[in-house]
Amino acid sequence: MALVFTDKKGREFEAPTPLAPLADTHGHLTHFRKTTAAEAIVRAALVGVRMLVVPVDPVDEVGPGLRFETPAAFLSWLDEQVERARGDLGELASRGISAPEFPDWPDVPDLLDNVRIVAGVHPYGALQLDAAAMARMDELLDSPRCVGVGEFGIDVGPWSELPAEAQEPAFRAQLRIAHERGLPVELHLRDEEDGVHATGHDVALRVLREEGVPVAGCDLHCFTSDAEVMAPFVELGCHIAFGGASTFASNQAIREAVAACPEHLLLSETDSPYMAPVPLRGTECEPAMVAFSAACVADVREQAGVAGREQTYAALWRNACALLGR
């Protein structure tokens, strides 16, 4: 039985049936307004999500006076959400409602055993990456749940109050931590809208060339640019993660990037609770909605004659496991 979602007008839509296990490689669980993290994990499992990577920020979310006073408090909370979801899924199973199986994919983990984290300071908090924040990040990175450093990067978009040069030291510092720890990174890159000044992608590309892409890998999270912007990152071996924005009618340039991205570098994500995909745009996004984004990626690549839908679904899962399946 397909999971049903409701759009902002009250219309119901069934989640697309996945042709391989699904991965949400970047889904926030701490920012919901209308649901709980446990409920979101349950719905993700019911659509076929078998990997969820949750970002946590040691400046914005963890620390004195914040929602989670310590890294231990956040990790304990996440453990609790997973166990609540386990109980809820057990109850649903007793009523004949269960997560889909993938018989062609042996040894696929249960989602409840594959909720992971990445830890990093968002560009907006770059100036707050002090010794105390670094210590909190180190503790998060030490967690058995941790699979990477992120999200961090360069944001010179309309909501950023820091110039790129003020963000760059934190970018470099976190990139070096990833090198030292042998971890992949998830990058947040946003450009200025005027198209005249140096963009977040330009700065990040220069720094990656100077510092080196971590051997463990690099993911451009929530990619919303075009194939031309994507190309030099692909040349460096960076993964490209596509989410809800790729489904928006006005974003043909993103879909062209979807079609152009090498198969072995494709990733799926939601960036929940932001940018819910069509047909649910305008609602609060959640990890389960990666089912719609993955379907869009598969459809675009099939229509472009790049790959069949099943091949794309398989690549999205295989790539997520290769980059973040620690």
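Which residue takes a positive phi just after H1? Just after H1, glycine 48 does so, with a phi of about 110°. The model is a predicted one, in which local features need pLDDT of at least 70, side-chain atom pairs count only at pLDDT 80 or more, and totals for chains, interfaces and linings use all residues. Residues are numbered from 1 along each chain as its sequence is written, and side-chain values use heavy atoms, with hydrogens and water left out.

The protein contains 9 helices and 10 strands, where helices (H or I, at least four residues) and strands (E, at least two) are DSSP runs numbered from the N terminus. Its radius of gyration is 19 Å, close to the 20 Å that the globule rule gives for 326 residues, so the protein is as compact as a globular protein of that length. This radius is taken over C-alpha atoms, and the rule is 2.2 Å times the number of residues to the power 0.38. The C-alpha trace spans about 55 × 45 × 40 Å along its principal axes. Among contacts (heavy atoms within 4.5 Å) with a separation of 6 or more, 76% are accounted for by residues 24 or more positions apart.

Helix H1 covers residues 37–47 and is mostly covered, with 9 of its 11 residues buried. The buried residues are Ala37, Ala38, Ala40, Ile41, Val42, Ala44, Ala45, Leu46 and Val47. Their cover includes strands E1 (4–6), E3 (22–24) and E4 (49–56), together with helices H2 (71–94) and H8.

Glutamate 284 is found in the loop between strand E10 (266–268) and helix H8 (290–303). This glutamate is buried, with a relative accessible area of 11%. Not counting residues up to four places away in sequence, glutamate 284 touches His31, Phe32, Arg33, Lys34, Thr35, Pro273 and Met289. Two of these neighbours make polar contacts to its side chain through the backbone: the nitrogen of arginine 33 lies 2.6 Å from a polar atom of that side chain, and the nitrogen of lysine 34 lies 3.0 Å from a polar atom of the glutamate 284 side chain. A polar contact is a pair of N or O atoms within 3.5 Å; within protein, one must be able to donate a hydrogen and the other to accept it, and residues adjacent in sequence count only if both atoms are side-chain atoms.

Definitions and conventions:
Buried means under 20% relative accessible area, exposed over 50%, partly exposed in between (1.4 Å probe, protein chains only).
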